[in-house]
Amino acid sequence: MTGRHLTEIIVFGVLFVLVSALGFVAARWRRPDTMHSLDEWGLGGRSFGSWITWFLIGGDLYTAYTFVAVPALVFGAGAAGFYAVPYTVVVYPLVFLVLIRLWSVSHVHGFVTPADFVRARFGSPLLALLIAITGIVATMPYIALQLVGIEATLKAMGVTGHLPIIIAFAILAAYTYQSGLRAPALIAFIKDALIYLVIIVAVLYIPHKLGGWGHVFGAAQAKFDKTPAPADGTLLNANNQLNYAMLALGSALALFLYPHSVTGVLASKNRNVIKRNMAALPAYSFVLGLIALLGFMAIAAGIKPITAKGKADGNTIVPLLFDHMFPSWFTGVAYAAIGIGALVPAAIMSIAAANLFTRNIYREYFRRDASEAEEAKVSKLVSLVVKVGAVACILLLDPQFSIDLQLIGGVIILQTLPSVGLGLVTRWFHRGGLMAGWAAGLAAGLWMLYRIPNPTTHKAHFGGSAYPLSDLGFDTKVTVYTGILALLVNLVVGVIATLVLKAVKAADGVDATRPDDYYADEGDPKVTTGTREIEAELA
Amino acid sequence: MAETNTRPRRGDRSPWNWLLVLPVVVPLLTFLFNKDKPRLAGFPFFYWAQFAFIILGVSCTTVVYLMTRRGSGKKEG
């Protein structure tokens, strides 16, 4: 370990400890009368205003893994990796009108998870269970990947071994257990301040040192020209343009189906907070775009990723670039930004997964009469289990496995769109049709992912999400995003099954929500649990 | 419970909402911006155009928010 790395480690360590202390103090911040309910522990009392929500959702969606993986993608493939920018431009206007409906109906009915909504809307605990399991399965590898973000910075500091990761996650688990959603909400302020600082310095300073942006793009193009791969370059080509647009759209459609995004939305205190945030959150997209360009800067600076066991780890290029360009103390700050950037989403994701388990599995199938305090207790414990699981995933399995799973996660979470997303807008679908569509979409998506090879990593299966249309017998090199294709299968099956079930007059669930519930705002009356269901059954 | 409450029926309908279509569609039309020239401060068009779409997205959602918010007299704390 060199003296340079020692400085980095000290700065990193000090900031990390500071933030951890903040996580524990957060329980006292905007102190509620009691922490013993999911509304308080899991949703911060549903009381967050515009600023807190902006930091919270920003910290939630733009994760440490994003900061490390997006530039790695741009470093390796060029323009195709820049899809993260159109993705995060498209998403907010796309969900603007839908999320306010979700907030309103959840406010009236006290929903904590997307599966809570589906249960009430379609009168089907089984459909809700499927949605909950899909959400948990899609979120778990995402949490594990946050560790990959921390690991990349530790590797670049020359720290090896698993102990530091275990300690970091143990601390995270402890303060999430104690403070709930308030912890990531408070830490998000520090995380974002650090990220903005580092990125602004990086994009002003590094290109200047490398001879200007023109030179950075020139060096990148020169590198891509030399590689045998036809798909890379600083521009898209005829075969990957459609995939680029579909990946951006598909990712945008998927983003707010993830349970942790819903948690961030439901924690806000009224509809206007959400609308304002839909307008203000793209500020993060700007930073994300600049971060993506770090990939080209790394090329221009001649960075070579750290190689372990013969495999180059592309995720190390951003940490290495910082190490190469910045003075050691500022590199420490930059690493801390990435490390802390992992803690915020990991905390929110584990809370969201725990809430799904508590509300839609434990309460539904084990303890129908669970009290609010019991729900909070179960969620707190499950959030610990989820984190242990994430650490185990990284330590026991090849991290590549988590990356593959996360890729699959995006495709499978999209299969909840008809129930959750369309369900917010229309009650046309039959619950049986939604289940059939979900199953068909999942099967189609997994089959396509299985069929995708990756020649650069010598993998025969699960090599990416760009599905070549030639696999279906078309004479073309065009690739498309698996998630959207699977969603189309889902929708077609869902519509046909709904038409059939309606034609044979199959029993459908009772909708416990009313049209007016979707426009309710802060201060409007809430229904107490169960009254609507009872009313509906009597009617 | 009979529907006797006198609260007017509410809704989110507004012609301003159509403005949201613009930032959803434009960034997906890759043929519009998949070019190198013109460059801006060394950035190929492909990159700076997509940065510009962020501004387009912010502008459209901001206008829709301002035009459709309720109870604009109430200040949020």
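Visitor: Which residues does F256(A) touch, leaving out those up to four places away in sequence?
Guide: Let's start inside chain A of this predicted model. Contact here means heavy atoms within 4.5 Å. Not counting residues up to four places away in sequence, F256(A) touches L61(A), V91(A), Y92(A), V95(A), L99(A), S261(A), V262(A), V265(A) and M278(A).

Visitor: And which residues touch the most other members of the largest nonpolar core?
Guide: A nonpolar core is a set of buried Ala, Val, Leu, Ile, Met, Phe, Trp, Tyr and Cys residues joined through side-chain atoms within 4.5 Å. Buried means under 20% relative accessible area (1.4 Å probe, protein chains only). The largest such core has 206 residues, and those touching the most other members are F256(A), F296(A) and F322(A).

Visitor: Which helix gives the most to this core?
Guide: Helices are DSSP runs (H or I, at least four residues), numbered from the N terminus. With 21 residues in the core, the top giver is chain A's α16, residues 328-366.

Visitor: How much area do chain A and chain B bury between them?
Guide: On the contact count, 52 residues of chain A meet 40 residues of chain B. Buried area is the accessible area (1.4 Å probe) that two parts lose on being put together, summed over both. Of the area buried here, 62% is on carbon and sulfur atoms, and the total is about 4000 Å².

Visitor: Which side chains meet in a salt bridge between the two chains?
Guide: A salt bridge needs a side-chain nitrogen of Lys or Arg within 4 Å of a carboxyl oxygen of Asp or Glu. The count between chain A and chain B is 1. At 2.4 Å, N to O, the partners are R271(A) and D12(B).

Visitor: Which element gives the most to the side of chain A that touches chain B?
Guide: Elements giving two or more residues to that side include α10 (213-226), α11 (241-255) and α5 (84-109) of chain A. The one that gives the most, with 10 residues, is α5(A).

Visitor: What about chain B: how many helices are there?
Guide: Chain B has 77 residues, and 39% of them count as buried. From the N terminus on, its elements run α-α-α. Strands number 0, and helices number 3.

Visitor: How are residues and chains labelled, and what pLDDT do local features need?
Guide: Residues count from 1 along each chain as its sequence is written, with chains lettered from A and ligands numbered from 1 in written order. Side-chain values use heavy atoms, without hydrogens and water; totals for chains, interfaces and linings use all residues, side-chain atom pairs count only at pLDDT 80 or more, and local features need pLDDT of at least 70.

Conventions
Buried means under 20% relative accessible area, exposed over 50%, partly exposed in between (1.4 Å probe, protein chains only).
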